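Consider the sequence and model shown here, with attention to the ligand and its surroundings.

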Amino acid sequence: MFTLLLILHLIAVCCWLGGALYERFFTVGGVLKAKGTELEATMLKLMLSTVPFFLTSVFTILVTGIIMTIMHHYTFLSWSWIGLKQYIMLIVLLGFFFYIGPRMNKIGKQLNSNLAEGKGVNDEIRSQFNHIIILFDIMHIGVLINLILALTKFF
Ligand code: HEM
C-alpha cells in the first residue's frame, strides 16, 4: 500500500514539475512571443486552461502525502524535512487559492469580455499576467525545495 501511494505521489510530482517546465518555457514563452498578434489571446487561454491539470497533481500529492505521513508515523508541521515540506505545500495552497487563483479568474473574465467586444489582450491583462508568472516561478521554486527535502531528508 505504501509503495503504491509513493508511486502515485512521485507520478504527481513529475506531472507538476514537468508540466510547470513545459508551461514556463513553451506556453508562457508563446504568450510573450505572440504579443500584439491574434495568437496572444489563444495562447493566454491555453495557459489559463491548464489549472485543472495542476490542481489534480496538487490534490494527489497532498492526499498521498498525508496518508504516507500517517502510515510512517511522521509528525505534521514539525521542524524537520517532512514538516518543512508540509509548510511549503500549505503556503503554496493558500497562495494559490486566495491570491493566484482569483487573479487568474479575473484575467480569464477580462479576456473573454475583451474578445466579445472584438478586442484582444490589452496592457492591463499583460501586466496582471506578468505578475502571476513571477508568483508561479516562486511557487515552483518551493516545489523544487520540497523535492530536495524529500530526497535528502537532511534534517
Ligand atoms: C510539491 C510538493 C512535494 C514534493 C515535490 C514531494 C516529493 C517527494 C519525493 C521525491 C518523495 C520520495 C522520497 C524518497 O523516497 O526518497 C516523497 C516522499 C514522501 N512525501 Fe512528498 N512531496 C511533496 C509534498 C508532500 C506533502 C505535502 C507531504 C505530506 C503531507 C508529503 C509526504 C511525503 C511522505 C510521507 C513521503 C515518504 C517518505 C519516506 O519514504 O519515508 N509530501 N515526496
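The model is predicted: local features need pLDDT of at least 70, side-chain atom pairs count only at pLDDT 80 or more, and totals for chains, interfaces and linings use all residues. Residue numbers run from 1 along each chain as its sequence is written.

Around the ligand there are 20 residues, the closest being G65, M68, M89, N146 and A150; a residue belongs here if its C-beta atom, placed from the backbone, lies within 6 Å of the ligand. At least two residues of this shell come from each of α1 (2-33), α3 (51-71), α4 (81-116) and α5 (123-152), and α3 gives the largest share, 6 residues. Helices are DSSP runs of H or I, at least four residues long, numbered from the N terminus. By class, the shell has 13 nonpolar, 6 polar and 1 charged residues; Ala, Val, Leu, Ile, Met, Phe, Trp, Tyr, Cys and Pro count as nonpolar, Asp, Glu, Lys and Arg as charged, and the others, Gly among them, as polar.

The largest nonpolar core consists of 11 residues: V28, V31, M43, L44, M47, I107, L111, V121, F129, I132 and F136.

Residues 82-101 are 100% helix and 0% strand, with end C-alpha atoms 26 Å apart. Residues 132-151 are likewise 100% helix and 0% strand, and their end C-alpha atoms lie 29 Å apart.

Technical notes
A nonpolar core is a set of buried Ala, Val, Leu, Ile, Met, Phe, Trp, Tyr and Cys residues joined through C-beta atoms within 7 Å. A residue is buried if 20 or more other C-beta atoms lie within 10 Å of its own, exposed if 12 or fewer, and partly exposed in between; C-beta atoms are placed from the backbone.
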